[in-house]
Amino acid sequence: MGLIEAIILSVLAASTPLLLAATGELVTERSGVLNLGVEGMMIVGAACGFGGAWLSGSIIVGALCGMVAGILMSLIFALMALGLAVNQVATGLALTILGIGLSGLIGAGFVGERITPAPHLHIPGLSDIPLAGRILFGEDGFVYLSIALVVGVWWFLYRTRAGLILRACGDNHVSAHALGYPVLRIRLYAVMFGGACAGLAGAYLPLAYTPFFIPGMTAGRGWIALALTVFASWRPARLVVGAYLFGAVTILQLHAQGAGIGIPSQFMSSLPYLATIIVLVLLSRARTGGSTAPAALGTVFVPDR
Amino acid sequence: MQLVLEKRAERSATIALISPLIAIGLTIATLCIVFAVLGKNPIAALAVYFIDPLTDGYSLQEIAVKATPLVMIAIGLSLCYLANAWNIGAEGQFLIGAVAGSWLAVKTQGTDAGHWVLPGMLVLGAAAGALYALIPAICKVRFGASEILTSLMLVYVADLLLDYLVRGPWRDPQGFNFPTTAEFDPVATVPTLIEGGRLHLGSIIALLVVAAGAVLLGRTIKGFEIRVVGAAPRAARFGGFNANQLVLLTFAISGALAGLAGIIEVAGPVGHLQPGISPGYGFTAIIVAFLGRLNPIGILIAGLFLALTFIGGEQAQIAMKIPLDVTKVFQGILLFYVLACDSLILYRFRLISSSPKVQSGAH
């Protein structure tokens, strides 16, 4: 396997959790809800995903456990932010703080254990094509799932009536409510979808990225996923570009460390975080004319009867 | 049946006062369930958690020591949150303050420098924290970048910088390759208040910060501006208050306090710079700020309470083998209940039947 092939493969692997989590958050935010608890949902998804896979011996069961964990976490958020009309920023932070504790508690028994990571696809003939074959037809299932998910979300948001209604809730919940759409219920579904995606993204880390679980293994990826939705101006297509770009930055620093260039590893490790800040600044600056964010993003909605 | 929220005509002052207590009660009830799930006797565990630390002098001092950074950081955060500026990166500002102050301690190590070293370290720590907090604040007011995300990203950067310094240039040559600086000289150490005890000068500084916060918010025009900008942005614009300037100011103050807390922590209880100097003080302080109702006196009480959960958690780990992460779960649940109870201040909960009866007769 050539170096370029290896780099592209590792970029795809590093980008997949970002893409999964950011896609879920994009749908949530498009419905008008800002869920800052992505990191918390991811880390619990990682612990439950690994636990499920380790106990059952099945990667698919593990992935499902991660998704269910993410949904359960998102339901706590929904109860607070939608049901009780609590400030979404504070609730999201609470979800992350709780998630970090919970994952430590759940994952304590699994630290040091190893599983067989998700297998890479192998299609005889196609996968054997030099370079392109391995990259296009030789990934683990999560990579294809993440791409299918983005395409599906794009189709849903822009090509279906339900997607139109969801976007309407995010842009003007008062009008959507006046038209008779159940704003809170639609937002609940969107939040749950975001939770499932974040849980799956977290589960990807111990199931496919590394074959073991360590506390805090999400290392801020949930926050980077949040920044990616801003980067993407809340559009699925740009999300793909953004996620792969960030995956590339992550891998760049790993390879630079491996190549033994004279820069301390900690400075290279801080690159994805610094890149996030720079990207946020550049994008926000470019958008002085008017924000592309859903107009009702982060505002509470209490229906009057 | 369906639960609906009804907006109250006015904020309920009674509920505003008792809601933190309701939240604590609900959290403790939930904690009992967690203990039972872990197979521990809930009553015995609660005693170890919340009662035992209050019964001996050493633990009481330890609570004050843990509460010191929490209260200092939370006072600063409360100013930000009152002004509707979301500083989430206090943890990073804490670490940067610790690093900047430690620089002086490391540079003057063994040089017989005078008693100016510790004050110099405190000033450096506060200044570095303020400057670090100004990065997300400036990104917000100049470019409109989300201060939530940028301040959080800087936490990871600060963590990595500290890691680099103690593994690289500042590592103690006699430290058996552990990632730590040498123990600070006595002139670079925060003095203790009780001979042989753990209580240190930082706790007094924290009390002064509480007093200063109360004066700023209650007795000055700036404090009034901060509260108006947060509570009624439109009214504040009409009043000619500069919201951007207040974002910069509140971020700078909260960064300075977090940085000061950071250098006090390494120059006091820890005694040297090393990774893991904070068990998440910057994040726990967010809970302290909310539990204390963004009010200085409330924050002092809330800070002592959350310090108790740290100490109780450590004792429960030793005495009952309860995992340390229960403390974090506890803190997370507490924040949820605090926020949920806040909802009671603005809304009234009411159960209605979900399928409204068909109105009979003509209207």
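Trainee: Which helix of chain B holds both B:D325 and B:K328?
Mentor: In this predicted model, B:D325 and B:K328 sit three residues apart, about one turn of the helix. Helices are DSSP runs of H or I, at least four residues, numbered from the N terminus. The helix that holds both, residues 325–346 of chain B, is α13.

Trainee: How far apart are the closest N and O atoms of B:D325 and B:K328?
Mentor: Side chains of opposite charge can pair when their charged atoms come close. A salt bridge needs a side-chain nitrogen of Lys or Arg within 4 Å of a carboxyl oxygen of Asp or Glu. B:D325 and B:K328 form one, and their closest N and O atoms are apart by 3.9 Å.

Trainee: Is B:K328 buried or partly exposed?
Mentor: Buried means under 20% relative accessible area, exposed over 50%, and partly exposed in between, with a 1.4 Å probe and protein chains only. The relative accessible area of B:K328 is 35%, so B:K328 is partly exposed.

Trainee: What do the numbering and the confidence limits rest on?
Mentor: Residues are numbered from 1 along each chain as its sequence is written, and chains are lettered from A, ligands numbered from 1, in the order in which they are written. Local features need pLDDT of at least 70, side-chain atom pairs count only at pLDDT 80 or more, totals for chains, interfaces and linings use all residues, and side-chain values use heavy atoms, with hydrogens and water left out.

Trainee: Which residue forms a salt bridge with B:K222?
Mentor: The closest N and O atoms of this pair are 3.4 Å apart. Both residues lie in helix α8 of chain B, residues 221–231.

Trainee: Which side chain meets B:D163 in a salt bridge?
Mentor: B:D163 lies in helix α6 of chain B, residues 147–167. B:D163 counts as buried at 17% relative accessibility. The partner lies four residues away in that helix, and the N to O distance is 2.9 Å. The partner is B:R167.

Trainee: Which residue of chain A is in contact with B:D163?
Mentor: Contact means heavy atoms within 4.5 Å. Neighbours within four places in sequence are left aside. B:D163 is then in contact with B:P275 and, from chain A, with A:Q266.

Trainee: How many salt bridges does the rule find across the interface of chain A and chain B?
Mentor: The contact takes 45 residues from chain A and 42 residues from chain B. The two chains bury about 3700 Å² between them, 84% of it on carbon and sulfur atoms. Buried area is the accessible area (1.4 Å probe) that two parts lose on being put together, summed over both. The salt bridge count across this interface is zero.

Trainee: Where is A:F212?
Mentor: A:F212 is partly exposed, with a relative accessible area of 26%. A:F212 touches residues including A:F50, A:R114 and A:M217. A:F212 and A:E113 are 99 residues apart in sequence, yet 6.2 Å apart C-alpha to C-alpha. The place of A:F212 is the loop between α9 (183–209) and α10 of chain A.

Key
Helices (H or I, at least four residues) and strands (E, at least two) are DSSP runs, numbered from the N terminus.
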